[in-house]
Amino acid sequence: MMSRRTLLGAFAGLATLTALASTTLLAADEDPAELSIGWVNVGGGSNQALMLADQLVEKNLPNTKVKWVEFNGGSAGIAALNAGDVQIMTEVGLPPTVSSIAKGLDFKIVWVNDIYLSSEGLVVRKNANIQKIADLAGKKIATMVGTSSGYMLHAALASAGLDETKVEVINMDPPSMQAAWKRGELDAAYIWVPALLNMANDGGAMLATNADFQDRAASIDMILVGGDFANKYPGTLTKFLKAQNDSIHDLRMNGDAAMKRMADFLKISMDQAKTEYGGIQLMDAKEQLSQQGLGQGAGIASSRITKAITAAGEYLVGVGSIDSVPTNIPEHIDTTFIETLAK
């Protein structure tokens with residue numbers, strides 16, 4: 001028979017193990033003290049502004065100091081992610097994503113921000129005598145090389161049998177090209193909103209949008225997370241993605257009320273916000289896991305997003321930016337953080 005002393009010792013040991021287990025579980029579920037999130041201001045062409053306006057991430061992570069860091073494009077954001085300056089980077093397009101995979105950078109693709117249709121496109125100066133894509137030959141066209149816009153410009157030119165050698169492509173970020181546009185230095189620009197609409201309203205006209213070239217290329221922005229952070233803070237990532245999911249549902253269910261908060265945050269009119277928002281496709285958690293999104297499990301390898309990343313890689317190989325299309329693209333897509341949200 002077990003003695004009273006032995007029995008008490010056994011209970012004490014069990015209590016210690018239970019306490020240690022509880023501490024371990026708590027440590028695994030703890031949120032970080034600080035979190036830096038990169039974002040690109042694409043105006044109403046995303047749900048990000050609503051998340052910022054309503055502080056949804058901050059509400060989901062009350063014990064974390066959340067810092068939003070603005071970038072002009074995804075490439076700079078990925079550099080910051082790789083350096084550890086941000087832990088999450090939103091609004092990263094296909095070309096910089098596949099280029100980073102080819103370089104062997106450690107990150108996970110965890111969410112599709114938005115799919116750009118009419119909220120990214122080609123604006124031309126009204127007095128530049130450009131009526132069709134073929135008329136761009138010999139013209140000065142600004143775009144942000146290495147981003148989705150540069151990729152889509154290539155698709156636009158190819159649709160008319162033109163390549164970049166037939167036009168003067170000028171590499172500029174959105175603020176710089178808007179300034180150059182005002183100075184009359186550009187004939188055209190391929191970029192996303194709000195810069196796209198700002199130039200169209202300043203002596204320009206919309207010649208085409210991504211929707212016109214869907215058979216050739218796609219413009220899809222994604223959320224990337226550093227590999228170490230994803231491994232250490234899976235619960236934090238799920239809370240962050242819940243804010244994404246909730247904001248999308250808010251926009252779908254509450255329409256103008258949600259749009260008004262977003263427009264007020266961006267300091268733009270409701271009409272502009274609606275125009276920009278109307279030119280994109282968003283996906284909630286369930287849609288993210290479908291074959292039209294990131295996919296799930298074995299389906300990731302054949303999902304729409306994997307195919308789109310692969311196609312962007314083929315483009316980059318063609319222009320000499322990378323040596324070959326990475327074969328490990330599906331390994332960089334991780335849907336485990338959103339699977340609980342889709343139930």
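## Burial and the overall model

A residue is called buried when its relative accessible area is under 20%, exposed when it is over 50%, and partly exposed in between, using a 1.4 Å probe and protein chains only. At 18% relative accessibility, Thr238 therefore counts as buried. This is a predicted model, in which local features need pLDDT of at least 70 and side-chain atom pairs count only at pLDDT 80 or more, while totals for chains, interfaces and linings use all residues. Residues are numbered from 1 along each chain as its sequence is written, and side-chain values use heavy atoms, with hydrogens and water left out.

The mean pLDDT (the predictor's confidence in each residue, from 0 to 100) of the protein chain is 91, and 91% of its residues reach 70 or more. Over residues 1-28, pLDDT stays under 50, and the model has 2 contacts there beyond four places in sequence. Contact means heavy atoms within 4.5 Å.

## Architecture

The protein chain contains 14 helices and 11 strands; these are DSSP runs numbered from the N terminus, with helices being H or I of at least four residues and strands being E of at least two. Its C-alpha atoms fill a box of roughly 100 × 45 × 30 Å along the principal axes. Of the 343 residues, 51% count as buried. Among contacts between residues at least 6 apart in sequence, 77% join residues at least 24 apart.

A nonpolar core is a set of buried Ala, Val, Leu, Ile, Met, Phe, Trp, Tyr and Cys residues joined through side-chain atoms within 4.5 Å. The largest such core has 112 residues, of which Val57, Trp68, Ile88, Leu136, Phe240 and Leu241 touch the most other members. Helix 10 (residues 234-266) gives the most to this core, with 11 residues. Beyond four places in sequence, the contacts of Val57 are Ile37, Met51, Val66, Trp68, Phe240 and Ala243.

Thr238 also lies in helix 10. Leaving out residues up to four places away in sequence, Thr238 touches Phe337, Thr340 and Leu341.

## Packing of helices 6 and 13

Helix 6 (residues 148-159) packs against helix 13 (residues 304-318) at an angle of about 75°, and their axes are 11 Å apart. The axes are lines fitted to C-alpha atoms over the stretch in contact, and angles run from 0 to 180 degrees between N-to-C directions. The two helices are therefore roughly perpendicular, since angles under 35 degrees count as roughly parallel, over 145 as roughly antiparallel, 65 to 115 as roughly perpendicular and the rest as oblique.

Gly150, Tyr151 and His154 in helix 6 meet Ala311, Ala312 and Tyr315 in helix 13. The residues of this contact divide into 4 nonpolar, 2 polar and no charged; Ala, Val, Leu, Ile, Met, Phe, Trp, Tyr, Cys and Pro count as nonpolar, Asp, Glu, Lys and Arg as charged, and the others, Gly among them, as polar.

## Ala208 in strand 9

Ala208 belongs to strand 9 (residues 204-209) and is buried, with a relative accessible area of 7%. Its C-alpha atom is separated by 5.7 Å from that of Gly121, 87 residues away along the chain. Apart from residues up to four places away, Ala208 touches Gly121, Leu122, Ile133 and Phe213.

## Backbone features in loops

Most residues other than glycine have a negative phi, and most peptide bonds are trans. Gln55, in the loop between helix 2 (48-54) and helix 3 (56-60), has a positive phi of about 50° and is partly exposed at 45% relative accessible area. The peptide bond from Val193 to Pro194 is cis, with omega near 5°.
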